[in-house]
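Look over the sequence and the coordinates first. Then read the notes below alongside them.

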Amino acid sequence: MELKKIIEAILFSSSEPVKVSELARITGKDKIEILNILSDLIKDYSSRDTSIEIIKVGEKFLMRVKPQYAEYVEKFTVREFDRGTLRTLAVIAIKQPVTLAKVAKIRGNKCYDHVKKLVERGLVKAEKKGRSTILTTTEEFATYFGLESSEPEKIKEALKKYFEDDERP
């Protein structure tokens, strides 16, 4: 079916998850038809022995490399953040909601620059509560890392599972 191939090509080409409404607008088809095709594509990819999958992230869809193959393609992807910034992000994701002061205590003063970058990129939300700044991850964080949920508890579970399953030293 031509429409299925068009949607597959759009997902393959997009570095960001794509809304159903956007797929409907581009193809001129209704959302129900798009959702049916997305469901078929998800089934197709999950039934194949492949390193690629299509997942639903909130109300959007994303084609990505399955997490167990991510380490093999890392060197071919562009690194957006240095190791220190990623470590600061990990602390925020695991401890959220967490105060900026607590992150600074754990990560040191460089974390202020890290947090600024992460907020600018939309991966972290900084909310003033009295004299404190509370940090949490955003939906964009979930999208960026290909997680199925942006709920803090689900993120913590995903990270815990990742590190438990990780066989690297």
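The model is predicted.

**Helix α1**

Helix α1 runs over residues 2–13.

Which residues of α1 are buried? They are L3, I7, I10 and L11. These four cover an arc of only 95 degrees around the axis, so they sit on the same side of α1. The other side of α1 holds exposed residues: E2, K5, F12 and S13.

Helices α2 (20–27) and α3 (31–47) are among them. So are strands β1 (18–19), β2 (52–57) and β3 (60–65).

**A cis peptide bond**

The bond from Q96 to P97 is cis, with omega near -10 degrees. P97 belongs to the loop between α5 (83–95) and β4 (98–99).

**Salt bridges**

Side chains of opposite charge can pair when their charged atoms come close. A search of the whole structure turns up six salt bridges. The table lists some of them.

| Pair | Closest N to O distance | Relative accessibility |
|---|---|---|
| E140 and R121 | 3.0 Å | E140 23%, R121 24% |

Take E22 and R25. Both lie in helix α2, three residues apart, so about one helical turn separates them.

What does the bridge between K117 and D82 tie together? K117 lies in helix α7 (residues 111–121), while D82 lies in the loop between α4 (70–73) and α5, so the pair ties together parts that are 35 residues apart in sequence.

E140 forms a salt bridge with R121, with the closest N and O atoms 3.0 Å apart. E140 is in helix α8 (residues 139–144) and R121 is in helix α7, so this pair ties together parts 19 residues apart in sequence. E140, at 23%, counts as partly exposed. R121, at 24%, also counts as partly exposed. Buried would need a value under 20%.

Notes
Residues numbered from 1 in each chain as written. Predicted model: local features only at pLDDT ≥ 70, side-chain atom pairs only at ≥ 80, totals over all residues. Heavy atoms only, no water. Helix = DSSP H or I, 4+ residues; strand = E, 2+ residues; numbered from the N terminus. Expected span 1.5 Å × (residues − 1). Buried < 20%, exposed > 50% of the residue type's maximum accessible area, 1.4 Å probe, protein only. Arc of directions from axis to C-beta. Contact = heavy atoms within 4.5 Å. Salt bridge = Lys/Arg side-chain N within 4 Å of Asp/Glu carboxyl O.
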